Amino acid sequence: MTESSGVRLLGPAEIRGLAAELDVRPTKTLGQNFVHDANTVRRIVATSGVGPDDVVLEVGPGLGSLTLALLETAGRVVAVEIDPKLAARLPQTIAEYAPARAADFDVVLADALTVMPDDLPVTPTALVANLPYNVSVPVLLHLMSQFPTLRTALVMVQAEVADRLATGPGSRTYGVPSVKARYFGDVSRAGAVGKNVFWPEPKIESGLVRIERRDRFGTDAIHRAATFSAIDAAFAQRRKTMRAALASWAGSAAQAEDALRAAGIDPGIRGERLDVDDFVRLGQVPR
Ligand code: SAM
């Protein structure tokens, strides 16, 4: 759609103007850092790979920076925003800056930690979001769990969280987010974003992470819960061997050892060496 869509993007002056008009005082609690750089939002959209066939779910549209860039390219955008003031202003911003695309945009006032498919007017195929940093991992995992129609996700998170999500077994940063994200599909780093493209400027660098959904283990909620409980238990005490870390999860160290052997896992290993397939097998062992 690009130029012919007639979409204008928000720069520093527009962000300042909208914030002043709405009397927005960005809060840390809601992770409100707004992007005021057209190149950054265009890069995020290009990296996401979304096109005219996609219905994009955007979490936390804020003042609409990324939303407008998405409307240059995506077939449709549905945005979930928790801040009533920001959600209420968005349709007007889209009408002003992307008049030809206004009919392809919906905003839903909701918490992305609990939003469900029935809350949305359309079925999303892709998640693209500059996530609120303090809830980025729970939001990402909730959406990948509850919206199986999301085939891809491209999210901006704290650089350190991006590393944790994208890293594989054996690394010091490998942990609960890394394994759970892999349950859904292939996870990779997709670039870095500096601090100076935001207002207000955050203290930390940001990073992009991509998930390509594979659903190798299906989409059954009970299977997922069993796997995730084994992951949580293993990393709650990550310095311990699996035999010790899983003792209360299994009932005792001896029962943990039996469960690990039944899953084909060495009880003397630490969780950080196991991949998602190991945790899936462990989750399926009767306890
Ligand atoms: N997308 C905008 C941008 O790139 O400029 C704003 C991104 S800002 C980092 C995060 C946004 O998420 C804010 O608009 C904030 O109000 C919203 N938000 C915070 N917590 C949320 C939640 N639980 N559910 C939905 N939106 C949330």
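Start at the interface of domain 1 and domain 2, where the rule finds 1 salt bridge; the term stands for a side-chain nitrogen of Lys or Arg within 4 Å of a carboxyl oxygen of Asp or Glu. Select Lys180 and Asp232: their side chains meet in a salt bridge, 2.8 Å from N to O. Side chains of opposite charge can pair when their charged atoms come close.

A word on what you are viewing: this is a predicted model, in which local features need pLDDT of at least 70, side-chain atom pairs count only at pLDDT 80 or more, and totals for chains, interfaces and linings use all residues. Residues are numbered from 1 along each chain as its sequence is written, and side-chain values use heavy atoms, with hydrogens and water left out.

**The two domains**

Now color residues 2-213 as domain 1 and residues 221-283 as domain 2; these bounds come from an automatic or database domain assignment. Their C-alpha centres lie 34 Å apart. Where they touch, 14 residues of domain 1 are in contact with 16 residues of domain 2, contact meaning heavy atoms within 4.5 Å. About 1,200 Å² is buried between the domains, and carbon and sulfur atoms give 64% of that area. Buried area is the accessible area (1.4 Å probe) that two parts lose on being put together, summed over both.

The rule also finds 8 residue pairs in polar contact across this interface, both residues at pLDDT 80 or more. A polar contact is a pair of N or O atoms within 3.5 Å; within protein, one must be able to donate a hydrogen and the other to accept it, and residues adjacent in sequence count only if both atoms are side-chain atoms.

Which elements give two or more residues to the side of domain 1 that touches domain 2? Select helix H5 (136-146) and helix H7 (176-184) to see them. H7 brings the largest share, 6 residues. Helices (H or I, at least four residues) and strands (E, at least two) are DSSP runs, numbered from the N terminus.

**The ligand**

Next, select the ligand and the 22 residues around it; Val35, Gly60, Glu81, Asp111 and Asn130 come nearest. A residue is listed here if one of its heavy atoms lies within 4 Å of the molecule. Look for Gln32, with a polar side-chain atom 2.9 Å from an oxygen atom of the ligand. Then find Glu58, where a polar side-chain atom lies 3.4 Å from a nitrogen atom of the ligand.

**Last stops**

Show Arg42 and Glu72, another pair of side chains in a salt bridge (2.8 Å, N to O). Arg42 lies in helix H2 (residues 38-48) and Glu72 in the loop between helix H3 (65-71) and strand E3 (76-81), so this pair ties together parts 30 residues apart in sequence.

Finish at Trp199 and Pro200, joined by a cis peptide bond with omega near -10°. Pro200 sits in the loop between strand E8 (198-199) and strand E9 (206-213).
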